[in-house]
Amino acid sequence: MPGFDLEQLRTYTAVLDAGSLTAAAPIVHLSQSAVSEQVRKLEERAGQVLLVRTKAGVHATPAGLRLLAHARRILALSDEALRDLRGVPLQGELRLALTDYFRPRDIAGLLRRLNQQYPQVRLHVAILKSGEVEAACARGQFDLGVAMHVRAPGAAPRAPGVLLRREALWWMAAEGLQLDRDAPLPLLVLPETCALRQFTETVLIRRRLPYTVAHVASGVAGLQLALAAGLGVACLNESALAPGVARLARAGLPALPQAQFRLLSGAADNEFVARAREAVAQALA
C-alpha cells in the first residue's frame with residue numbers, strides 16, 4: 001500500500017503551525033485553494049477527518065494529532081536523508097535557550113532526536129523564562145532561543161522571531177477538584193516576572209473575577225505538582241497538561257487565546273546558526 005505524500009504532509013503541518021489555511025499558503029508557496037486541496041487529499045488518503053475548521057482557524061482532530069506526530073518525524077527524516085546524501089554535515093557548538101513552558105513532557109525526547117540527527121553538533125541547553133530567553137539572545141549569550149508569547153488584552157502585536165508552534169491556553173486543575181463558587185479563585189502561578197502570570201491576572205482583573213494567589217511555584221514542573229496536589233487552578237499551555245491534571249471547564253472563567261512559541265536568533269547570525277535554526281525548527285516543532 002502506498003504511503004503518504006511528503007508535500008501533503010508538509011502542507012498539513014504548516015496549516016496547524018500557522019493556525020489557518022490562509023496563513024499557511026505563503027509558507028508552502030501555494031494558493032489557499034491549493035492548500036485546501038492538499039489537505040482534502042490527505043484526509044482522503046488517511047480515511048479520516050484530520051482538521052476541524054472554525055471561524056477562529058483550524059485545529060486537529062484526535063486522528064489529526066496522531067498523524068501530525070508521525071508527519072513531523074517523517075519530514076525530519078526525509079530532510080536528514082537529503083542532507084546526508086548531499087554530503088553537507090552540520091557541525092559546531094550551538095547554545096540553545098528554551099522556556100520551560102515549551103513541551104515539558106516531550107522536550108527531552110526532542111533534544112535527543114536532534115542530537116541523533118546531528119551528532120557533530122554539540123548542544124549547550126539552558127531552561128529560562130521567556131523574557132530571559134529574549135534578553136539573553138539579544139545580548140548574544142545564546143545562538144537560538146525558544147520563547148512563549150501571549151498577547152495580553154489591548155496590547156499591541158509583538159512577534160519577534162520565527163513562529164515555531166501554536167498552542168491553546170487552558171485553565172487547569174487537579175482531576176475531580178471541586179471549587180467553591182462563592183470563594184475567590186485559588187490561582188497557582190509562577191513569580192511576578194512570568195509573562196503568563198501577568199497575562200492571567202490581567203484577564204481576571206478585567207473580567208472582575210475575584211482570585212487569590214494560592215501558591216507560587218519556581219517553574220512549570222513545580223506548578224504541575226501543585227496542580228496535581230489540588231492546591232488550586234492555573235492557566236497553562238496545552239502541552240503542559242500533566243498526569244493527575246485536567247482541563248477545567250467552569251462557567252464564568254474567561255476564554256483564553258493561543259500562545260505562540262517563537263524561535264529567536266542571537267546576535268551572531270552566521271551560516272552555521274542559520275542552518276542550525278532550520279534544523280532546530282524541524283526537530284522541535
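Author: Buried means under 20% relative accessible area, exposed means over 50%, and partly exposed is in between (1.4 Å probe, protein chains only). This is a predicted model, where local features need pLDDT of at least 70, side-chain atom pairs count only at pLDDT 80 or more, and totals for chains, interfaces and linings use all residues. Residues are numbered from 1 along each chain as its sequence is written, and side-chain values use heavy atoms, with hydrogens and water left out.

Reader: Fine. Is H29 buried or exposed?

Author: H29 is exposed, at a relative accessible area of 71%. The loop between helix 2 (21-28) and helix 3 holds H29. Helices here are DSSP runs of H or I with at least four residues, strands are runs of E with at least two, and both are numbered from the N terminus.

Reader: What about the phi of H29?

Author: Positive, about 60°, although H29 is not a glycine. Most residues other than glycine have a negative phi.

Reader: And where is R103?

Author: In the loop between strand 3 (92-99) and helix 5 (107-117). R103 also has a positive phi, near 40°. R103 is buried, with a relative accessible area of 11%.

Reader: Switching to helix packing. At what angle do helix 1 and helix 3 cross?

Author: Roughly 115°, with the axes of helix 1 (residues 6-18) and helix 3 (residues 32-46) coming within 9 Å. Axes are lines fitted to C-alpha atoms, for helices over the stretch in contact, and angles run from 0 to 180 degrees between N-to-C directions. That makes helix 1 roughly perpendicular to helix 3 (under 35 degrees is roughly parallel, over 145 roughly antiparallel, 65 to 115 roughly perpendicular, the rest oblique).

Reader: Which residues make the contact?

Author: E7, Q8, L9, T11, Y12 and V15 come from helix 1, and V35, Q38, V39, K41 and L42 from helix 3. Contact means heavy atoms within 4.5 Å.

Reader: Now R277. What is R277 in contact with, leaving aside neighbours within four places in sequence?

Author: L144, L263, S265 and D269. R277 lies in helix 9 (residues 271-284). S265 is 12 residues from R277 along the chain, and their C-alpha atoms are separated by 7.8 Å.

Reader: Last one, the whole protein. How many helices and strands?

Author: Nine helices and 11 strands. The C-alpha atoms fill a box of roughly 65 × 45 × 35 Å, taken along the principal axes. Buried residues make up 45% of the 285 residues.
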